[in-house]
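Here is a quick tour for anyone meeting this structure for the first time. Take a look at it, then read on.

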Amino acid sequence: MLVPLSWLKDYVPLPADPGALVERLTIAGLESSGVKLFGVPATGTLRVKPEDAGLVWERDKLIVAQVLEITKHPNADSLKLVKLDYGASEPKTVITGAENIAPGQSGMKIILGLRGSRYFFTGKDGKKTVMSLEPKALRGIDNDAMCMSDFELGIAEESEGIIILDDADAKPGTPIQDVLGEVVVELDILPNMARCLSMHGIAREVAALTGVAATIPTPVVPVSHEKVEGKVHVEIADPKLCARYTATVIRNVTVKDAPRWMRSRLHYAGMRPINNAVDVTNYVMLEQGQPLHAFDYDVLVARAGGQAPTITVRPAKAGEKLKTLDGQDRELSSDNLVIADTAGVIALAGVMGGAETEVSAATKTLLLESASFDFVSVRKTARQFNLFSEASTRFSRGVHPELAGTAAVRAAQLFHDHAGGEVLAGVVDNYPTPAPRQVIDLTAGDIERLLGFSIPPAEVTRVLTALQFQVEPNGEDAWVVTTPQTRLDIQSGVADLVEELARVYGYDNLPERLLPLELPEPKGNRALELEDRVRDLLADQGLNEAITYSLSSAEAEAKLKPAAPPPEGQRGEPGGDFVALLNPLSPERSVMRRVLLPGVLQVAQKNLEAADSVALYELGFVYLPKSGERLPEEPRKLAIVLCGRRSGAAWDDPQGVSPAKYDFYDLKGVVEGLVNDLHIPGLSFAPTRDVPWLHPMRAAELRVNGTAVGVFGELHPKVAEAFLLGERAVQAAELDLEAILAAVPARYGYKPFSTFPPAKRDVAVVVADATPAEAVLAEIRTAGGDLLTDASLFDVYRGTGLPDGTKSLAFALTYQAPDRTLGEKEIAKAHEKVEARLKETLKAQIRGKDLA
C-alpha cells in the first residue's frame, strides 16, 4: 500500500525523521519495500533508491502564483498571456498554451516555474528528460517563466493541463514543496494485517508505536427532510456470503472533477483520479479500508419499471452474463457472488461494477453501496476473471462488517461537500447477524508466560488502547479487553493480544536470556549424516547435484524401455503401478516417480545444449505402491549420469584429436570410489544383460556381500535417443541407496602407513579370456599376505603371441613392511609365492617366464 505521509499526518503526528518512522513500522511487521519522493529531498535517515528520488523542486524557483488576468496572445490563437502575482513587488506575465484556462478567467492559483527551474520534458525521440528553464521568445514576445503541469513536475506521466490549486491558504510566492511536496512510503501489508490497508489503520499503528494519540474524526453529514425508506430495498440470499449491505441515496449530484487535494492524494496513493463520483468512493476506501461502489440510481429505477429498485446479493445463476466496467462480457457461474436487481446482474460483488449502471456525467442521483462480502468468494471471483483491484484485495483479506456504516456516512459527507449532493435521511441497512465483539481476559502472568518477560501494566494499557481495543482493569495486573470492530484477526484470544503487545513493544527490545534448563545431549541422525557423506564424496569426484521433481509421468519412465520392453519383473525395470495424483496440474506431473533416472537425464539433456559435458547425480526418494496399503514405500535411490568429455578444454589440447569421453570405466570408478570411501566391505561387480535401459554389452551390477544393490553402465542407444541425447555415449547408474547405506559399518579401523620404502614389482599373467581381473586380484592379495600393500591392474592384452581364448593381465604390485626395509631375497620370495598361487589356482601362465 502506498502511504502519502502528508495524508497520514491528518490523523496522527509523525516523527520529524521519516526514516525512523519507516524503520519502526518495518520492525512492527509493516515492512517498507521502498520510498518515493515528489519534489522534496531525502532528509534524516530516510533511504531512497535513485529511481524513486524524483525531481527536487527548488524552493526559490517553483512557487505558487495567483492569476490576475488572462488574455489572448496577439500573434497565436493557441497561446495565452497570463498575468500573475507571485509574491514579488511587480506581477509577471507568462505565455502558456494550457487548454484548461481561458482568456477572461482570473483568481485561480497555479504553479509558476521561474528562470533556471528544472522540469521534465519529452523530446522528439519520445524520451523523458530533465530540462532547465531558460528565456525564450514565443511568437515575438519574450518569456522567462512557465506555468507547470503534473508531468513537468514529475507528479504524473501525463497531464491534461497546468496545475490549478484549490488551496486557499497558499499565498503567492509559497514554495510548492510546502504545498504539493510528498513522501510516499510503500508498505507490504501481510494478510494477517489487512486492517492496515487504510490510512486509519496505519495511523493507529503509528500512534501505538510512537506513543502519540491518533485522531480519527467521526463523519457527520447534513441530510434532507426526505427519507430513504421506500426508495430502495435490499435482500441478502445468504448471510454467510454477505454479512451486511447498506444502501444510501444521494440526489442532485454534479459529476465533475474532484477537488485538487483529493486527486493529489489518490494519485500519490497509486490510484488514477477519474471524477468526483468515483474518486470519493476510492478516497474513502483508502482512508477507512472499506470498499464502496456508486450506482446510477435513475438507471436502477428505469430497470425496475419506474418502481423503487430491489437490490439482491446472491450467487449468480448458470448462464447469466455481465458487462463489467472494463467493457468485457463476463459469463458467470454459481461460484460468483453478484449484486442484482429485478432485471438481472448489475455487479460482481466486491470485484467490479457493471457497465449498464455506471455513473456518468449525466448522473444526478447515486445509490451508494457499502457492504461486507465473504472473502473466499471474492478471492475466487477475482482469480477467475483476473480482476485484481484495490477493492478485491481488501475484500479477499477480510473487511469487518462494522466498517460499512461509518464508511457510508463518510462518503455521503464528501458527496455533499464536493458534488453538491443531497443525502436522503437514513440508510437501508440489511445486517442479519451483527458480528459479536470478542471479550478476552488478559493477565500479566499470561504475558510473562508467553513472552518470557513482563511488560509494565501502563504500557499494556497504552498499546492496546492505541490499537483501538477497549481495556478495563480486572483486579491487580489483569484486564478485560474488548476487540475493536475493525479486527478480524484476533482468533486465538490471549495469544493474539500478547503478540500485538510484543510487536508494538518492539521485537528489537526483547531481552536476551539463556534457557533456564540445560540443553539435552545432541543426538545424531545417522540416515541424514550418511546422505550428506554421500553428497560430499560425489562432489569430491567432481559431480554436481541435481534436484528434480518428485512428480513425473508414466510416459517419462516408459522412455527407459526400448521398443521391445523386457518381461515384467526383470532387474532394473520399475514394477507395479504408479502412485497417481487425483488432481494433477499437468500431464507431465501426474504420478509419483518410481526411479530417479528420467529426471536426471532430462537435466543432462538441457545442460548439454550449452555445455560439452555433464557429471550429475541425484539423491532422493522414489515412491513404490504397496498392495492393499494407502501409503507407498519410499526408499532412497541414487542416480548418476556422466556424458561428454572427461576433462575440461585446455589451450594445449591436441589439434584435430577428439577429446577423451566419459566411458563405462569412468562410471565404474565413481561407483567404486563411493563404496570404498564409505568403507563398505564385500564390494564386487558382475556383468548383466537384464537391464532394458542399459547397453547389453556395457552393463554391470554393483554387489555388496554378493547382493545386488544397483546397476550401471552405458545407456541403451534407443533410450538415449528417446531422451533427446542423440548419439552421445551416456553413462548412467541407478543404485539402491537404502541397501548401500545399510551396509556402511558403524565403525572401521585405520592401519598406520609404513615409513619404510616400498618395493615395486610387475606381474603379467595369461589366463582364460572368461576369467575376470577381479578373480586374479583376489588370488594375488591372498598370496601376497601382509607384505603386499597394493595391487592394481594396468594393462589388458589380447592378440598376437597369446594362445587362442586367452588374455594377458598385467598388475603393478607394491611390497612394504611396517617395521623394516625389505631385502631383495624377501621381496623375491613374496613375489614368487604370488606367481605360484596364480599358476596353481587359476592355471595361469607368467609372461616372460612360462610364456615368452
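## Ground rules

Before we get to the sheet, two terms: strands pair if DSSP finds at least two bridges between them. Helices (H or I, at least four residues) and strands (E, at least two) are DSSP runs, numbered from the N terminus.

This is a predicted model, where local features need pLDDT of at least 70 and side-chain atom pairs count only at pLDDT 80 or more, while totals for chains, interfaces and linings use all residues. Residues are numbered from 1 along each chain as its sequence is written, and side-chain values use heavy atoms, leaving out hydrogens and water.

Let's start with an open sheet of 5 strands, whose order is 15-18-21-22-23 and whose pairing is mixed. Its edges are strand 15 (233-236) and strand 23 (352-353), each of which pairs on one side only.

Further in, strand 18 (residues 310-315) and strand 21 (residues 337-341) run antiparallel, joined by 4 bridges. To spot this pairing, find R314, whose bridge partner in strand 21 is V338. As background, strands of a sheet pair through backbone hydrogen bonds, either parallel or antiparallel.

## Strand 40 and its partners

Now move along to strand 40 (residues 759-768), which runs antiparallel to strand 42 (residues 806-815), with 10 bridges between them. Within this pair, V765 has L809 of strand 42 as its bridge partner.

Strand 40 also pairs with strand 43 (residues 845-846), again in the antiparallel sense, over 2 bridges. Here V766 stands opposite Q845 of strand 43.

## Nonpolar cores

A nonpolar core is a set of buried Ala, Val, Leu, Ile, Met, Phe, Trp, Tyr and Cys residues joined through side-chain atoms within 4.5 Å. Buried means under 20% relative accessible area, exposed over 50%, and partly exposed in between (1.4 Å probe, protein chains only). Which residues touch the most other members of the largest nonpolar core? They are L8, F415, L442 and L464, out of 79 residues in that core. Helix 4 (residues 199-210) supplies the largest share of this core, with 7 residues. Apart from it lies another core, of 38 residues, including L332, F373, F395 and V428.

For a closer look at L442, count contacts as heavy atoms within 4.5 Å. Leaving aside residues up to four places away in sequence, L442 touches I447, V460, L464, A478, W479, V481, V494, L497, V498 and L501.

## Two crossing helices

The axes of helix 12 (residues 457-466) and helix 13 (residues 494-505) come within 10 Å and cross at roughly 95°. These axes are lines fitted to C-alpha atoms, for helices over the stretch in contact, with angles running from 0 to 180 degrees between N-to-C directions. The two helices are therefore roughly perpendicular to each other (65 to 115 degrees; under 35 is roughly parallel, over 145 roughly antiparallel, and the rest oblique). Helix 12 brings E459, V460, R462, V463 and L464 to the contact, and helix 13 brings L497, E500, L501, V504 and Y505.

Is E99 buried or exposed? E99 is exposed, at 75% relative accessible area, and sits in the loop between strand 5 (92-96) and strand 6 (109-113). H400 is buried, at 7%, in the loop between helix 9 (390-397) and helix 10 (403-419).

As for cysteines, a search of the whole structure finds 0 disulfides (pairs of cysteine sulfur atoms within 2.5 Å). C196 is buried at 0% relative accessible area, and C643 is buried at 2%.
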